[in-house]
Amino acid sequence: MDKVIELWQKACTLLKRELAGNTYEVWIGVLKAPTLSGKTFVFAVDNEFQADWLGDNYAKMIADALCAAGAPAGIDLSFTVAPQEPVAPAPPPAEIRPPVATPAPARRPGQSAQEAALNPEFTFENFVTGPSNSWAYNAAGEVARRPGRAYNPLFIYGPTGIGKTHLMQAIGHRILEKGNGSIRYVTCEAMLNDYVDCVSHKENFDNFRKRYRRTDVLMVDDIQFLTGKEGLQEEFFNTYNELYTRHKQIIMTSDRPPKEIAGLTDRLVSRFGEGLVTQIECPNFETRLAILRYKQSSSEVRLSDELLTFIANNITSNVRALEGALTSAISYLSLSGNAVLTLDELRGLLKDRLDTELKKDLTCDEIKQAVAAYYNLRLTDMSSHHRQRSVAEPRQLAMFLCRKLTKRSLPEIGNNFGKTHATAYHSCMKIQGRLGMERELFDAAAEITRQLGRDPAVLMQVQD
């Protein structure tokens with residue numbers, strides 16, 4: 001049996017390298033060492049859902065890791081629901097021992113997270129990773145390890161409510177824990193108000209500049225609100241240059257990449273892009289479910305796997321909405337005194353949230369308008385006979401997006417663009433073939449898809 005435990009420990013080390021962030025902790029880290037029955041490694045799990053999910057999604061990865069750790073080839077895996085153990089009786093009074101007091105770990109003197117206005121929940125340990133955010137998560141971790149030296153500036157962008165602020169502040173927490181310098185976290189709106197106060201009260205700008213330049217790490221949330229603020233842009237440009245020259249870390253978040261923030265000076269756009277620009281997208285189903293499981297672990301109330309799956313399937317817009325739905329369900333159970341929550345009750349409880357998630361069907365005209373705006377074309381260009389690439393390529397992309405994002409048939413799409421069924425088909429096939437090879441085209445398609453309120457993951461799905 002010791003051999004099996006040793007194999008499992010080695011396999012876990014390998015799996016940690018394969019699975020990003022909390023994915024390992026949520027699905028693999030909860031497993032106890034297996035027992036061996038012939039050539040079958042038997043894992044005891046808590047419920048049928050967990051058994052099915054591990055069997056469908058991680059069995060091969062676990063088996064490969066066990067073989068790499070030294071298990072014989074041709075092994076099988078089995079995930080079985082363990083019987084619930086009876087609650088152990090309380091020990092007699094004579095056996096009760098007070099906990100041994102352990103001193104708190106020493107903290108280096110310096111700025112506290114509270115002084116830096118950081119949310120105590122926004123740490124790396126509380127950030128659930130998945131395919132939509134793992135690259136940004138890894139980049140943030142590297143910045144926290146080597147502030148001012150790795151990826152400076154770090155620019156994180158993506159839709160609202162998906163973890164940009166969380167990841168930014170996690171860097172701040174880690175830097176403060178290590179005593180690697182001081183930080184200043186501020187929203188762009190707060191910085192604007194600070195700037196306006198100086199202007200309206202005719203104060204010396206030296207104090208304003210000191211606040212933002214005498215720091216080792218400057219973190220600015222929602223930098224897109226610099227748009228049109230010429231005075232503040234000038235101040236921020238000079239602040240940026242001074243910090244960058246002194247190798248101080250700069251981190252920014254936005255709802256879009258630098259080159260798509262209208263109203264920014266070219267020199268700021270250039271500065272923002274000279275480090276690492278990384279994106280966070282809406283989480284996929286597996287990541288949403290992992291987030292729910294992780295968030296629920298801190299509560300005494302437990303929802304069934306059926307209810308968690310329902311929430312993960314139906315609340316897809318962002319992490320904030322997902323957590324809000326879970327909080328509503330847990331609060332309902334806590335306050336009502338009910339032991340269980342049925343699926344129908346959950347559906348009724350989340351009715352308003354579900355209605356918000358159900359977006360109206362897109363139309364071809366909406367897609368044409370979005371593509372024309374992105375490429376700075378006239379709407380009439382979408383249905384014109386111009387063959388120059390600057391018009392033909394966006395028009396083909398618009399047809400492709402109509403095919404992907406609506407239920408319209410190829411003849412209907414062609415007719416909407418004033419083209420034939422064959423032209424629409426050719427356009428869709430041409431764009432589909434280029435997306436996997438041309439990063440710039442894929443980025444354009446993904447951004448337009450996000451602006452239309454849809455998940456860019458649909459772009460690479462095979463069309464029926």
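**Notebook: cysteines, sheet and confidence**

I looked for disulfides, meaning pairs of cysteine sulfur atoms within 2.5 Å, and the structure holds 0 of them. Cys428 is in no disulfide, and the nearest cysteine sulfur, that of Cys402, lies 8.2 Å away. With 8% relative accessibility Cys428 counts as buried, whereas Cys282, at 21%, counts as partly exposed; buried means under 20% relative accessible area, exposed over 50%, and partly exposed in between, with a 1.4 Å probe and protein chains only.

I noted that this is a predicted model, in which local features need pLDDT of at least 70 and side-chain atom pairs count only at pLDDT 80 or more, while totals for chains, interfaces and linings use all residues. Residues are numbered from 1 along each chain as its sequence is written, and side-chain values use heavy atoms, with hydrogens and water left out.

Next I turned to the sheet, taking strands as DSSP runs of E with at least two residues and helices as runs of H or I with at least four, numbered from the N terminus; two strands pair if DSSP finds at least two bridges between them. I found 3 strands in an open sheet, ordered 1-2-3 with mixed pairing. Strand 1 (35–37) and strand 3 (76–81) are at the edges with a single partner strand each, so one side of each has no neighbour in the sheet. Strand 2 (residues 40–45) runs parallel to strand 3 and is joined to strand 3 by 6 bridges, and Val45 stands opposite Val81 in strand 3.

Last, I checked pLDDT, the predictor's confidence in each residue from 0 to 100: the protein's mean is 83, and 88% of its residues reach 70 or more.
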